[in-house]
Amino acid sequence: MKECLIKLDTRYRDCSLLRSNRTPLSSIYSQHSHSEFIDLRMHATLLGGMQQEEHQGQKIESTGIALDTLLRFAKDNWDEIQDKTTKDVCEHFIKARTGGRKVSFAELCRTDMPEYRFGEANIFVSHAWGCMFLDVLNAVEQTLQNRPTPDGGWFLWIDVFVVNQHTNISDFRFWSQGFCKVLERVGSALIVLSPWDSPVWTSRAWCLYEYHVAVSRRIAFEFAFAEDEKRKFVQHLATNGNNFLELASRIEMRNASAYSKHDEQSIKVAVESEVGFARLDELVVGALREFCAKLADEGAGGGCSLSETESKELLFHAGCLQSDVGNYERSLALLDKYLAYASGKHGEGHVRVADTQHNIANVLRRQGKFAEALDMYRTSLAAKLAAGLGADSASAADTKVGMGNVLCAMGKPREALEYYEEALATKAKIAGPNDASLADVLTNMGMVFDGLGQLGKAVYHYKRALAIKVASAGASHVSVAAAHVGIGGVCEQLGDLDGALASYR
């Protein structure tokens, strides 16, 4: 009874601390299990102590700067802001202008520069302060040009203009809840990515947190490149493939940073308790993938200034991206066009033709057209051999994995195993026995052995896959969780309930 009372007293104390906003989230989080902390936050919120919008006389308002005013601001102050980041503009211009009265730029303009228009914001601009300010401005202006202009025009919630930059409030909950309220009131967000080949936004904790808020509250959002950045992206995609998505796939909220270490720690605690790092990473990468697919499709349709060769090559990459986001019919249309182009230019026994056939087979497999997919994989493999790649090449191994996947889906697991084993041996020989490329093959083999009732072999392959995934992606990655589930299922069949429970946990 005494222990129960002590526990209740501790919960009451920590709930009160959450409501009071006097104690860092990380301090309270460290004293409770994940589920207990979520429960505490829920109760604190319901009691109303975490919903304040005003603190020490300061309030985060949903005021926005008019788009025409923002453009005029840039023109009026061109010499001072060109080649400057948003942080530089804030530190050396906004703060300098508002320092005498210690107010926001919006508030200063109401009395000192009435020609600068401000009003209720209708678009929230999420951007990294490390970006070049004019790149952000160009991305916003050019993106909004393609939207119907609302009555009265566009009013942009951009923090450097509408938030008092002289406040000394360090309470993360004041800022995070204020931003949440603004996002909800505004109802639409524009996320600026710059530069195109390594967007600062993807590594900043506040930016990723704003994305989490938008998604969790079902707020409409759109990614934005400036037109010049978009053209460079599409050109690079046509000639070099999608390195941008390779970068995006390495996004880790756990490693994101903020100028304030206190904010960074608080954001990470909030994200981990509300959605989890791995899930947020997955959501961001998925959204960026759809954005890239959209840009590639626009480029393939003549939406960017590309050479004829670039336009043709873009068909391949755009087709692959459309498949990645589930637009299979559009993917096949683009890949079929590229296959006709590549076959006419290079002949049937060429690597580009074989690669295109392989990707068409991938799409057919995802559509459930297994017989057609298997035929196309065989055609691709024959083309790869004719092109001189060799049966023991990494490319041939990838096609054999695809054939194994189709045969599994067709109910032919033993035939699938033959292709998996050949592919595994090739990949291990080329890249080593612990390379990340082996993990998916091992997982597939584990599933086949599981289905055949060969549980010992299933566990062996699942555990090998798990070790590789942990080493390459980290213990918290979503693919690692899937491997644990596979092992748990086999342990359960073997009667090892403790082992199954450990894996599921």
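Visitor: Which β-α-β unit do E7, helix H11 and E8 make, a right-handed or a left-handed one?
Guide: In this predicted model, strand E7 covers residues 188–192 and strand E8 covers residues 220–224. Helix H11, residues 205–216, belongs to the unit together with these two strands. The β-α-β unit that they make is right-handed.

Visitor: How many bridges join strand E7 to strand E8?
Guide: Strands of a sheet pair through backbone hydrogen bonds, either parallel or antiparallel. E7 and E8 run parallel, and within this pair Ile191 stands opposite Phe223 of E8. The number of bridges that join E7 to E8 is five.

Visitor: Which strands stand at the edges of the open sheet?
Guide: The open sheet has six strands in the order E4-E3-E6-E5-E7-E8, with mixed pairing. A strand at the edge has a single partner strand, so one side of it is left without a neighbour in the sheet. The strands in that position are E4 (118–120) and E8.

Visitor: In E4, which residue is the bridge partner of Ile65?
Guide: Strand E3, residues 63–66, pairs with E4 in the antiparallel sense over three bridges. Ile65 has its bridge partner in E4, and that partner is Phe118.

Visitor: What angle does the direction of helix H10 make with that of E5?
Guide: Helix H10, residues 172–186, packs on the sheet. There, H10 touches strand E5 (123–126), strand E6 (155–157) and E7. The direction of H10 makes with that of E5 an angle of about 135°.

Visitor: Are H22 and H23 roughly parallel or roughly antiparallel to each other?
Guide: Two packed helices are described by the angle between their axes and the distance between the axes. Helix H22 (residues 439–451) and helix H23 (residues 455–473) have axes 8 Å apart and pack at an angle of about 160°. Angles over 145 degrees count as roughly antiparallel, and therefore H22 and H23 are roughly antiparallel.

Visitor: How many nonpolar residues has the contact of H22 with H23?
Guide: The contact includes Leu442, Met445 and Phe449 of H22, and Leu455, Tyr462 and Ile468 of H23. By class, three residues of the contact are polar and five are charged. The number of nonpolar residues is 10.

Visitor: Why are H12 and H16 described as roughly perpendicular to each other?
Guide: The axes of helix H12 (residues 227–240) and helix H16 (residues 308–324) come within 7 Å and cross at roughly 90°. Angles of 65 to 115 degrees count as roughly perpendicular. H12 and H16 are therefore roughly perpendicular to each other.

Visitor: Is the crossing of H11 and H14 left-handed or right-handed?
Guide: H11 and helix H14 (residues 261–274) pack at an angle of about 30°, with their axes 10 Å apart. That makes H11 roughly parallel to H14. The crossing of H11 and H14 is left-handed.

Visitor: Which residues does a cis peptide bond join?
Guide: Most residues other than glycine have a negative phi, and most peptide bonds are trans. The cis bond has an omega of about -10°, and its proline lies in the loop between E7 and H11. The residues joined are Ser194 and Pro195.

Visitor: What value is phi of Asp83 near?
Guide: Asp83 lies in the loop between helix H5 (78–81) and helix H6 (86–98). Its phi is positive, in a residue other than glycine, and is near 60°.

Definitions and conventions
Residues numbered from 1 in each chain as written. Predicted model: local features only at pLDDT ≥ 70, side-chain atom pairs only at ≥ 80, totals over all residues. Heavy atoms only, no water. Axes fitted to C-alpha atoms, helices over the stretch in contact; angles between N-to-C directions. Helix = DSSP H or I, 4+ residues; strand = E, 2+ residues; numbered from the N terminus. Parallel < 35°, antiparallel > 145°, perpendicular 65-115°, else oblique. Contact = heavy atoms within 4.5 Å. Nonpolar A, V, L, I, M, F, W, Y, C, P; charged D, E, K, R; others polar. Pairing = 2+ DSSP bridges. Right-handed = clockwise from strand over helix to strand, strands pointing away. Left-handed = near helix turned anticlockwise from the far one by under 90°.
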